[in-house]
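Hi everyone, thanks for coming. Let me put the structure up on the screen, and then I'll walk you through a few spots in it.

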Amino acid sequence: MANVTLRAVEKEYDNGFKAVHGIDLDIKEGEFMVFVGPSGCAKSTTLRMIAGLESITSGEIQIGGRVVNDLPPKDRGIAMVFQNYALYPHKTVFDNMAFALKMAKVPKDEIKQRVLEAAEKLEITELLDRKPKEMSGGQRQRVAVGRAIVRKPDVFLFDEPLSNLDAKLRVSMRVKIAQLHQSLKEEGNPATMIYVTHDQTEALTLGDRICVLSKGEIMQVDTPSNLYCYPANKFVAGFIGSPSMNLFDTVLKQDGDNIFVELAPGSRLHIPVEKQQSLANHINKKVCFGIRPEHISLANEGDKINTIEGKLTVVENMGNEKYLHFRVGANIIVARVSDMTISTHDIGKNFVFNFDTSFCHIFDGETEQNITL
Ligand SMILES: Nc1ncnc2c1ncn2[C@@H]1O[C@H](COP(=O)(O)OP(=O)(O)O)[C@@H](O)[C@H]1O
Ligand SMILES: [Mg+2]
């Protein structure tokens, strides 16, 4: 069991490229922490610094209260699972899983017991005699996870472990990893897990907390629900959630007691009073207005306020719901509705949409920070 602490951690690569700009993060003992962000935002670099596979330019990393800056990977109490599995091709599954324990001179009986236990947990017992090339991608990835489990590490590090699997297998392996975290907790051996992914769905479903990264900096660290409902800035708002939040650059306006934005001339959206506290300093200034697709619906007859007409451009049918893309002025907006009457035959027609602005967010045009929290 171990917590992981990063203090002012920076990474400059030998070519002078600064990949990580001062990261401070406290990962709790037994926590499932996900690093998420677009490709190149330094997820792997940060994980590899925790693992000891990459040096730290400045700052400090602690695992279980111990500074590990100068400790080799094998002495950090960690086990890492990579995207490409990194199995030994000429060894059997059993020997792949046993290798690190043999190196650590664990007694033979105990090695056997630990490998069999892990194999059972991952349902790969019948594969123990096979070589990696005789298995599917999903099976190989289970072996890679098994190899980490047998070492009973304090901290599991996963770097996009499911990226090479097809969509369906990805979902079932995701569940397996969540179950592994849960079962270790129930056995009284909770493990800290740090999991890197560029996939926000994976992040939301797996993480106790999620650390959203962009360009080597932390954008926000919070629970999945808090990231979704209270994004601290425009980056997090746009990155978390699928389909993405609608975001429009506009100017905040005031007319008497009314504070509003305009998506097109005359297409006003009023900001409810409870969201207005911190907006006074932003009147007539550039802002970004954000609203999630599920907070836009087809308007009912009587709806008067916050209704806007738009031209339907795309209908995405998801089976149980539809994503309606419509144009208002220069903006394309996506609504997520359960209405089953609208179909692709309606493309090109005008519809009136209702915006529930009690769920909107407004971001400062310069700093991009959320000013409606
Ligand atoms: N060995 C290296 N030398 C120089 N730059 C690197 C090296 N490894 C990664 N980078 C750069 O550091 C940034 C972060 O990379 P990485 O941590 O792999 O991102 P991610 O895992 O989020 O996709 C990228 O811009 C990448 O090109
Ligand atoms: Mg990476």
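This is a predicted model: local features need pLDDT of at least 70, side-chain atom pairs count only at pLDDT 80 or more; totals for chains, interfaces and linings use all residues.

So, start with Lys 11 and look at who sits around it.

Where does Lys 11 sit? You'll find Lys 11 in strand 1, which covers residues 4–12. And is Lys 11 buried or exposed? Its relative accessible area is 4%, and the cut-off is under 20%, so Lys 11 counts as buried. What does the side chain reach?

OK, on to the cores. In soluble globular proteins, nonpolar side chains tend to be buried together. Here the largest nonpolar core has 46 residues. Val 34, Val 36, Met 97, Val 145, Phe 156, Phe 158 and Tyr 195 are the ones with the most contacts inside that core. Which helix gives the most to this core? That's helix 4, residues 137–149, with five residues.

Let me zoom in on Val 36. Leaving out residues up to four places away in sequence, Val 36 touches a whole list of residues, including Lys 43, Thr 197, His 198, Asp 199, Ile 210, Val 212, Leu 213 and Phe 239. Apart from this core there's another one, with 31 residues, and Ile 283, Leu 298, Ala 335 and Val 337 are among them.

Now the pockets. The largest pocket holds about 640 Å³ of space. Its lining has 26 residues, and nearest the centre are Lys 74, Ile 78, Ala 79, Ala 100 and Arg 151. What supplies the largest share of that lining? Helix 2 does, with five residues. Strand 6 (78–81), helix 2 (93–103) and helix 4 each supply at least two residues. By class, the lining splits into 18 nonpolar, two polar and six charged residues.

Last stop: the second largest pocket, at about 300 Å³. There are 16 residues lining this second pocket, with Ile 149, Lys 152, Leu 184, Glu 187 and Asn 189 closest to its centre. Helix 3, residues 108–121, gives the largest share of the lining here, four residues. The classes are nine nonpolar, one polar and six charged.

That's my tour, thanks!

Technical notes:
Residues are numbered from 1 along each chain as its sequence is written. Chains are lettered from A and ligands numbered from 1 in the order in which they are written. Side-chain values use heavy atoms; hydrogens and water are left out. A nonpolar core is a set of buried Ala, Val, Leu, Ile, Met, Phe, Trp, Tyr and Cys residues joined through side-chain atoms within 4.5 Å. Buried means under 20% relative accessible area, exposed over 50%, partly exposed in between (1.4 Å probe, protein chains only). Contact means heavy atoms within 4.5 Å. On a 1 Å grid over the protein atoms alone, a cavity is a set of points where a 1.4 Å probe fits but cannot get out, and a pocket is an open set with protein on both sides within 12 Å along at least five of seven lines; lining residues have an atom within 4 Å of a point. Grid points are joined across faces, edges and corners, and a volume is the space filled by probe spheres set on the points. Ala, Val, Leu, Ile, Met, Phe, Trp, Tyr, Cys and Pro count as nonpolar, Asp, Glu, Lys and Arg as charged, and the others, Gly among them, as polar.
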